[in-house]
Each structure stands twice: as C-alpha cells, then as structure tokens.
Amino acid sequence: QVQLVESGGGLVQAGGSLRLACAASGRTDRSYAMGWFRQAPGKEREFVVSISRTGVNTYYADSVKGRFTISKDNAKNTVYLQMNSLKPEDTAVYYCAARNRVGGLSDYDYWGQGTQVTVSS
C-alpha cells in the first residue's frame, strides 16, 4: 500500500504559476509510475500527465503540453507538477495517482485526496 498526499494548490491569476507536490508514504521501497489528473466542477476526471517509474518517460495531455512539467524525486518519494501560463480552464481539483505495474492511461491503484487549483481571469 502507498499513501499519496498532494499539496501546493491555491488561487492564482491567469498567466501565473503553481507547483504541486505529491508525497508518497508506505511501500516506498517499490518504484511507481505516477500520474496527475484533474476534475473540474460538473466534468469528468481527466488525465493531465504521467511519468514512468524511472522518471525517464513522460506523457502529457495536449491541453497542458508546453505549459506543465512533471518531475520525480525518487529519493524524496515525491512527484511534482510545475504549472506555468495557467488559464482559467485549468481550474480543477488536481489528483496524483500511482501504480507499480503496467496499466492504461487512467489505470492507477492509488490516489491522493486532491488539491484545489483555481485560476482567476
């Protein structure tokens, strides 16, 4: 089992930046592929970005490509999401997720509680 805790959300003006963090605890002796997802009010949860177990491979949703950057610090068991050039449509609750097996785009075993990101226009 692994527990995930997100932090770093908040209110920012359009064009601004935020850095989210997701700290893992528990079975951190294993390496995990990690993902970030978001859910806006009235909408389904959507994929944002993922990073492989080693941190070498990343995959971004088109909507955030070039603006968001995912990184991983395995020594700290933490994954980060740097969000730049934020837009009002980025407003959502952001969730991190983890798995230690091969899976589909949204196929994760462990989920955090989410952190709110609000971008004002």
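The model is predicted, so local features need pLDDT of at least 70, side-chain atom pairs count only at pLDDT 80 or more, and totals for chains, interfaces and linings use all residues. Residues are numbered from 1 along each chain as its sequence is written, and side-chain values use heavy atoms, with hydrogens and water left out.

Reader: Why are F37 and W111 called a tilted aromatic pair?
Author: Rings of Phe, Tyr and Trp (its six-membered ring) pair if their centres lie within 6.5 Å; planes under 30 degrees apart are stacked, over 60 edge-to-face, the rest tilted. F37 and W111 lie 4.9 Å centre to centre, with 55° between the planes. Therefore they pair, and the pair is tilted.

Reader: What makes Y108 and W111 edge-to-face?
Author: Their planes are 75° apart, and their centres 6.2 Å. The angle is over 60, so the pair is edge-to-face.

Reader: How do you know whether F37 is buried or exposed?
Author: Buried means under 20% relative accessible area, exposed over 50%, partly exposed in between (1.4 Å probe, protein chains only). F37 has 1%, so F37 is buried.

Reader: Why is W111 called partly exposed?
Author: Its relative accessible area is 28%.

Reader: What makes R45 sit over the ring of W111?
Author: A charge sits over a ring if NZ of Lys or CZ of Arg is within 6 Å of the ring centre and within 35 degrees of the ring normal. The charged end of R45 is 3.8 Å from the centre of the W111 ring.
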